[in-house]
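Please walk through the model below with attention to its aromatic pairs, and then to the contacts between its chains.

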Amino acid sequence: MRARALPIRRNDVRARGHAGYVAFVVHRVSGIVLALFLPAHFFVLSRALSAPAALDGFLEWTREPAVKFAETLLVLALAAHLAGGVRLLFVEFVGWRAEWQKTALAIAAGVAVACALLFGLSA
Amino acid sequence: MIDATLAVRDESLRAVRYAVWRFVLQRGSAAVLALCVVVHLATMIYAVRHALTAGAIVARMQASVAWPAFYTLFVVAVAIHAPLGLRTIVDEWLGLRGPVVDVLLACAALVLLGGGLYAVASLTA
Amino acid sequence: MTERERAGARGTLPVRIWRGGADGAFQQFDVPRRASQTVLDVVVHVQRHVDPSLAYRYACRVGMCGSCAMTVNGKARWTCRTHVDAVVAGGMLEIAPLSHLPIVRDLVVDMAPFFDKWAAAKGQFTPTATRRDPFAKVAPASPARRAIDATIECIGCGVCYASCDVVGWKPDYLGPAALNRAWTLVNDVRDGAGVTRLRAIATDGGCQCCHTQQSCTRSCPKHLSPTASIAGLKRLVAHAAMKGTL
């Protein structure tokens, strides 16, 4: 199933250090993190029915500062994936405006960080 | 002037439609998730700011049929969106593609769907 | 070097140039550094005065043909339009062939896959009228014609293709240039390819592969935006699929 190796050269980080590319990496990495997290999330929530006492014990554990920090990072991942995704849906289906791209990226980043801070500083 | 090279073979047309429907489902589920995630983020931030206990959250979830309906929609959209996203990553970064990959990801979709619906049922029963 | 050349030199510039095929390596040269020197000047100097076996391409040397596109300090550029002073990094210049295309030798790549994908995307005009028909009337200010005008100036230099990481990750991906050209044609009211072209650009390696990284838009020497064109194609394809006309 692997593509055969072609006699080509590939780009390195010097071709990738711009805003649009960083947005792509954030979107992809946050997507991977969320996809890996979800099964665990569903499992924990399902314990509410099958083992409520264990769920309460688990929720006690989540009050640990390290766990709260990890939760905040998850919220950041979710908010970043959302904001970046909404930007893409806008670009693809509402229309492209080249002069708005940098602004759109800044807004997306701002929204994501704001959500994470709202969550993390309240926890 | 009809050019014979304009004709597209049936099997490649099937492949095109499969590719396009994957794209439409991915973007469609993304739009649904955009709304769901805004609500989810808002409820989580609310819950954390008001220091709601697990029991309090479950009580609120069971108080209205809107919550299980909402989270069911959320789970269905995720079960479509996440495997399609992973398919692209596995193709581009691991170089793995083909029917076996598609079948495995369809299984992942079913696992997410099943796990998610069971979690919703657990919290709202 | 002539006396005049020696007089104009401002020291030397270490330059690493790719030699060989895909399994080759960089070779270092020291080149006299001059005011307003372009990267193409550097390559020409090496081939004419140091190592005649260096293989490279150029033609117009004034930024019109796109033949001299190479990877300079990691980024695809037209070497005739790239001043050394603008790109030298850490006092060093690194010149390599374009990425994502098979290397023939040294700085020369095989452009065939690039143009094959152009053809696969149906990037050629399909006529519907004959010389006996009246001219087509196309309003220059119409949205479709403005969409074409914004991106018709592509000369097929390959810089966008070399800059796109998706091209590197997915060998089947048609790439920004081919899709950009297809966009100009789907907007052309005179063109008759219709749904055939939409199907051609909606394959597994079609417009859906673009992740809006915008490396193409950023690197295009003619300041075109293939990202915008591909976004337009995605819209058309999705609407056609949902209407059942694909």
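A search of the whole structure finds 16 aromatic pairs over all chains, where rings of Phe, Tyr and Trp (its six-membered ring) pair if their centres lie within 6.5 Å, and planes under 30 degrees apart count as stacked, over 60 as edge-to-face and the rest as tilted. One of them is the edge-to-face pair of Trp93(B) and Trp169(C), with 5.7 Å from centre to centre and 85 degrees between the planes. Because Trp93(B) lies in helix α3 (residues 66-94) of chain B and Trp169(C) in helix α7 (residues 165-169) of chain C, this pair joins two chains; helices (H or I, at least four residues) and strands (E, at least two) are DSSP runs, numbered from the N terminus.

This is a predicted model, in which local features need pLDDT of at least 70 and side-chain atom pairs count only at pLDDT 80 or more, while totals for chains, interfaces and linings use all residues. Residues are numbered from 1 along each chain as its sequence is written, chains are lettered from A and ligands numbered from 1 in the order in which they are written, and side-chain values use heavy atoms, with hydrogens and water left out.

Trp93(B) is partly exposed, with a relative accessible area of 38%, whereas Trp169(C) is buried, at 16% (buried means under 20%, exposed over 50%, partly exposed in between, with a 1.4 Å probe and protein chains only).

Turning to the interfaces, 34 residues of chain C are in contact with 25 residues of chain A, contact meaning heavy atoms within 4.5 Å. Three salt bridges are counted between chain C and chain A, each a side-chain nitrogen of Lys or Arg within 4 Å of a carboxyl oxygen of Asp or Glu. Glu92(A) and Lys234(C) meet through their side chains in a salt bridge of 2.6 Å, N to O. On the side of chain C that touches chain A, α11(C) gives the most, with six residues.

Between chain B and chain C, 20 residues of chain B are in contact with 21 residues of chain C. Two salt bridges are found across this interface, and Asp204(C) forms a salt bridge with Arg22(B), the closest N and O atoms being 2.9 Å apart.
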